[in-house]
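Me: Can you walk me through this one? I'd like the sheets, the helix packing and the chain contact.

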Amino acid sequence: MIELKQVSKQYRVKDRQRSKLKVNAVHQVSLALCYQKSYALVGESGSGKSTLARLIMGIEKPTNGEICLDGRNIALMRSRELRLKRAEVQMVLQNAQSALDPRLSAYDSIAEPIRCLTKTDKSGERSKVFEFAEKVRLTSEQLRRLPHELSGGQQKRVCIARAMSVSPKFIVFDEAVSGLDVTVRKEILDLILQLKKDGIGAFLFITHDIDVALYMADQLFVMKDGSIVEWIENAASYDDFHHEYSRQLIQSLPPKSPNYRKESVNR
Amino acid sequence: MIKKLLKSKQAMIGLTLIVLVTLVALWAPLIAPHDPNKIDVLNRFMSASSQYPLGTDQLGRCVLSRLLIGASYSLGIAVPTLLVLGIVGLTLGTASAYVGMRWERVFLSICDIFMAFPALVIVLSLIGALGQGLLSILLAVAFSLWAWFAKVVWSYARMEISKDYILAAKIAGCSDRRIILYHIIPNIFPQFLVYLSTGIAGMIIMISGFSFLGLGFEAGTPEWGAMLNEARSNFYSHPELVFYPGLCVLITAAGFNLFGEALRDMISPEEVNE
């Protein structure tokens, strides 16, 4: 169980006159995420989605409020304890290419969490890496390659296998499909859903695309300017969104048929 | 990478020069035809002959032998100093970039203070305090150059640390030590190697420069810079005595520079990913 209680995160930035400004990236967010369900978080760029993900992972400390993993406040954890918690809560970063060490082969990247977080011997590690590589459909030949020798979709799959390799209870996907081809995108989304069925536990899917969010999860959060403005359980269609901002997000989706084109241009 | 290196003409010329100078430095006592310090006043300023292949200098010492021994002085000082500086730079630079915050600022200010002093001022004050000798030269070089090395490493490390894969390594549960040793250092090492190999040329010139000014070495040491200085007074009558040691400094420095720059061209940004 991941609980966020009144969590806020402020950044201090300097504007052009070099005077200090405070930016509320996340403002008074309270959430409870359990390890059985799938969640999606929707919002426009700059709404604080990624910051929220970083807060959950304990990469950044909240300015106010507390974040608890299984009842333990992560701000009070020692760095070693927090490190070992990573075996339970994992994250897939937004940009797969830069999230992989350019000098490590796909195999080593996937094996890294196993080496760092579990006490597995070489042969156990090997079988685990191959097991998860097979799940994300990477061949053993591809595992030997370096990140730049893999395509964008393959890099993403390496990242997903890497996050899964320690069998975490919860995975945060930060913009897992942005920047990918439409075909590859569907493939990755289906892969994640399939993995969920096979029991990777639960996930939080962060996206700016409301269609993807609907496709991926039944618990939806809509975020705007650092606050959660709407929380929908078991969302099935656009009609379930009621908040003004959510409606606005839906309205700004491009229409599915060219017949609407004229209409929206004339307006 | 190694294949590319073998194909590059510039790198191979540089490497040949480096190997040549290194071999000479290692074998100098064996291949030198005469004792480089043996004074023979009767045979001053002899021109090249079979006995003295490059002739003799103003005190009748064999020029070739002195030049050969000189190589071991230049490399013998520059290479160990460089290794020490490299290790110091790598440790301090990556550590401060990784720890960040206040420590990083303290580190950078200290570097700036050290970089503000010219090496010559430091070597003069050290020789004033410790007296003439190799130790003063070594300390002076280390004192004036460590900040440059550390700051360069810092800037490389800073750039790597801001990349996502370091964050991903943290999420993967890597300890700080593992992140520094397995991720940051291997990724900055190629660039760092380039910096070292171009840095060594500067260091050789610096050391010769000091001894040209009569700092560090005892009079009569067969060091290239010192030989240049001694030959200076006879420049108009015997210019070749200035020419030979100058050429040696040039060849050595050029070797390291050519090689280092060829290496740098090879590790241009888009190829760092290889």
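Reply: Start with pairing: two strands pair if DSSP finds at least two bridges between them. Strands (E, at least two residues) and helices (H or I, at least four) are DSSP runs, numbered from the N terminus. This is a predicted model, where local features need pLDDT of at least 70, side-chain atom pairs count only at pLDDT 80 or more, and totals for chains, interfaces and linings use all residues. Residues are numbered from 1 along each chain as its sequence is written, with chains lettered from A and ligands numbered from 1 in the order in which they are written.

Me: OK. Which residue is the bridge partner of A:Leu4 in S4(A)?

Reply: A:Ile67. Strands S1 (residues 2-14) and S4 (residues 64-69) of chain A run antiparallel, joined by 5 bridges.

Me: What's the strand order of that open sheet of 4 strands?

Reply: S2-S1-S4-S5 in chain A, with antiparallel pairing. S2 (20-33) and S5 (72-73) of chain A are the edge strands, each pairing on one side only. Helix H1 (residues 49-57) of chain A packs on the sheet and touches S1, S2 and S4 of chain A. In contact means C-beta atoms, placed from the backbone, within 7 Å.

Me: And the sheet of 6 strands, what order is that?

Reply: S6-S7-S8-S3-S9-S10 in chain A, an open sheet with mixed pairing. Its edge strands are S6 and S10 (227-233) of chain A.

Me: How do S7 and S8 of chain A run, parallel or antiparallel?

Reply: Parallel, with 5 bridges between S7 (residues 170-174) and S8 (residues 202-207) of chain A. A:Val172 stands opposite A:Leu204 there.

Me: Switching to chain B. At what angle do H2 and H10 pack?

Reply: About 140°, with the axes of H2 (residues 9-31) and H10 (residues 240-266) of chain B 7 Å apart. Axes are lines fitted to C-alpha atoms, for helices over the stretch in contact, and angles run from 0 to 180 degrees between N-to-C directions.

Me: So what do we call that pair?

Reply: H2(B) and H10(B) are therefore oblique to each other. Under 35 degrees counts as roughly parallel, over 145 as roughly antiparallel, 65 to 115 as roughly perpendicular, and the rest as oblique.

Me: Last topic. How many residues does each chain put into the contact?

Reply: Chain A gives 21 residues and chain B gives 16 residues. On the side of chain A that touches chain B, H3(A) gives the most, with 4 residues.

Key:
Two residues are in contact if their C-beta atoms, placed from the backbone, lie within 7 Å.
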